[in-house]
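Open your viewer and get ready to click along. This tour tells you what to select next and what you will find there.

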Amino acid sequence: MTSPRPLQGPACSHWASLERAYVAADAAALAELAPHLERCAVCRRAYDVLFDAESMLVTSEHALGATTEPTDAARAAAPDRLLGPLEKSLLLHQILPDATPQRDAMDAVGRWRRPLVSWLAGAATIALLAAMLLHYGVGSRGRGGQRSDGMQSRGAGGSSEPAALPDVGLRPLCIASARQDADAAAAPQRARVRALGTQPLAGEPPRCTTRDLLGFAAFNHGDRPVYLTLVVATGDHTRVAKLLYPADDAPAEPLAAARDNIALAVAQPLAALGAGRVDIVGVFTRRELTAAERQRLRRAVERRSDLADPALFAPSVGAARFFRAAVIIGE
Amino acid sequence: MLLLEDEQLLRRFRAGDRDAMTTVFNHYADDLAHYLARGFAYRAGGELRHVSGVRQRSELHDVLAETFRKAFEERARLGYSGLSPYGAYLRTIARNIIVDRQRRGAREQLGTQAAVPGDVASDGVERELADEAASAAETLEQVELGALMTRFFAALDSKQRHFVELRFRQGLSQEQVASQLRISRKRVRKLEQTLRARLLEALRGTGYLAGVRGLP
């Protein structure tokens, strides 16, 4: 017997999350990591080994051959199984994301407690709704779940779900580069940064000049990491949309939990976008968007399509929170 | 034959009832996984072509998820007549997904060849040899992994083995296992977590998960 071949390649920090999700049988967390597996050969290889090993517990000529034969009833119940219980809940979560977590949550309590749990869940929902109405005001929200701070949220089924991704946001910045400042003798020898604010929908969009750079700072006050995808659409007439972050085919770094003022590696020269109005759309998600989803988002921004369209992202994305802002680029 | 036999289930499934869709998924997922893992033949332009089975688990999951997502879209659910076997309907969707991917892959490969001119014939032979070597390595790895799992299973105590039999082999839900073993659902979850952690440890101990940074 030869010794097993070790995995080659550099370590990947995502693997710790994958291990945790695997041991806890957390289908939702595993589904969130699926886009990463598309890109990371190290994690994909280890994932394959892990589930291959588990499947041998299921098909089990290997593992169960040494023990008692399964009964006829067991054979009839599961004649030719290949997928383990975690694989099935993972797949179910990817196919029907709304269904599985709820079922797991209900399965986790005993039957006798279910009516009580249902009653408490109902009461909690009413309390949450009341708190939200008090916080935001009944008439303050615009059409389609749009909020006065430029944020818009979406559930997996396209419904508005404001509580799904709370406490995340984006601050676009108008940056005058140090080099340009140095060119002008009177200008301070440091980068001027103007935050464009997060309430552009309330009035006239803020103005930048073509000499400026467009940058972004994000915050995530929640307790779990989130991913951000940014698209910018230029020109009222031409409407060309560009994926600003992450760059094409590049993996996105998650925005760590409980962090404020996270600088994104984006510095878009506004001269390249040309004068006129620029629309910015950001989407926060629990998992990284796939390349196909990024392109669908870009096209939707280009066409001004409905961003709450459930067909935009695979159901496994779960809830998403959109950020919209506009900037006027002057000469 | 599930949807052919149960008219009420078919109605609920077509209406988008999530429980019905879960039932349908649980009924057909294993069969479809076997079909994909075995490989299949299909006819294109009068020629019989063979597609080898999906080897990687991640790819198997990916194709299964995409197949069911397509099959569970409203248009597809309403388009299913309920008169022909649903398993065959799913296999057709899965087959199309795989064939499409292979065609896309072939196109990309052709693009690469055009960009780097060379001896195409010898390149084809080299690729075939490389594929064969990869396939042999995977087979060897499966044998090794099988032996490792046999040792892993042998090291479990009788209670854990019984748990594996019920939960993994028979595919019972955690609640059903709890009822059979007369323990709480929470205890079942704990048992499962312990088992998975041990499995992970066993794989790490033999070098299988070397190269990825794990939990401290």
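Begin with chain A, which has 10 helices and 11 strands; helices (H or I, at least four residues) and strands (E, at least two) are DSSP runs, numbered from the N terminus. Everything on screen is a predicted model, where local features need pLDDT of at least 70 and side-chain atom pairs count only at pLDDT 80 or more, while totals for chains, interfaces and linings use all residues. Residues are numbered from 1 along each chain as its sequence is written, chains are lettered from A and ligands numbered from 1 in the order in which they are written, and side-chain values use heavy atoms, with hydrogens and water left out.

Of its 331 residues, 49% are buried. Buried means under 20% relative accessible area, exposed over 50%, and partly exposed in between (1.4 Å probe, protein chains only). Among contacts in chain A with a separation of 6 or more, 73% are between residues 24 or more positions apart.

**Stop 1: a helix pair in chain A**

Select residues 41–59 and 85–95 of chain A, which are helix H4 and helix H6. Their axes are 9 Å apart and the helices pack at an angle of about 125°. Axes here are lines fitted to C-alpha atoms, for helices over the stretch in contact, and angles run from 0 to 180 degrees between N-to-C directions. H4(A) and H6(A) are therefore oblique to each other; angles under 35 degrees count as roughly parallel, over 145 as roughly antiparallel, 65 to 115 as roughly perpendicular and the rest as oblique.

Show side chains where they touch: Tyr47(A), Phe51(A) and Glu54(A) from H4(A) meet Pro85(A), Leu86(A), Glu87(A) and Leu90(A) from H6(A). By class, this contact of H4(A) with H6(A) has 5 nonpolar, no polar and 2 charged residues. For these classes, Ala, Val, Leu, Ile, Met, Phe, Trp, Tyr, Cys and Pro count as nonpolar, Asp, Glu, Lys and Arg as charged, and the others, Gly among them, as polar.

**Stop 2: backbone details in chain A**

Go to Ala25(A), in the loop between helix H1 (14–23) and helix H2 (27–32). Its phi is near 50°, a positive value in a residue other than glycine. Ala25(A) is partly exposed, at 27% relative accessibility.

Next, pick the loop between strand E7 (240–245) and strand E8 (259–263), where Pro246(A) lies. A cis peptide bond joins Tyr245(A) to Pro246(A), with omega about -5°. Ala258(A) lies in the loop between E7 and E8 of chain A too, and its phi, near 55°, is positive in a residue other than glycine. Ala258(A) is exposed, with a relative accessible area of 62%.

**Stop 3: crossing to chain B**

Which residue of chain A forms a salt bridge with Arg204(B)? The partner is Glu19(A), at 2.8 Å, N to O. A salt bridge is a side-chain nitrogen of Lys or Arg within 4 Å of a carboxyl oxygen of Asp or Glu. This pair runs between chains, from helix H10 of chain B to helix H1 of chain A. Arg204(B) is partly exposed at 28%, whereas Glu19(A) is buried at 0%. Over all chains, the structure holds 19 salt bridges.

Stay in helix H10 of chain B and select Glu192(B) and Arg196(B), 4 residues apart and separated by about one helical turn. Their side chains meet in a salt bridge of 2.6 Å, N to O, and both residues are buried.

**Stop 4**

Select Glu66(B), in helix H4 (residues 57–71) of chain B. Its side chain meets that of Arg101(B) in a salt bridge of 2.6 Å, N to O. Arg101(B) lies in helix H6 (residues 86–115) of chain B, so the pair ties together parts 35 residues apart in sequence.

Finish at Arg77(B), in helix H5 (residues 74–79) of chain B. Arg77(B) is buried yet has no salt bridge, and the nearest side chain of opposite charge, Glu74(B), is 4.9 Å away; Lys and Arg count as positive and Asp and Glu as negative, while His and the chain ends are not counted.

Note on methods:
Contact means heavy atoms within 4.5 Å.
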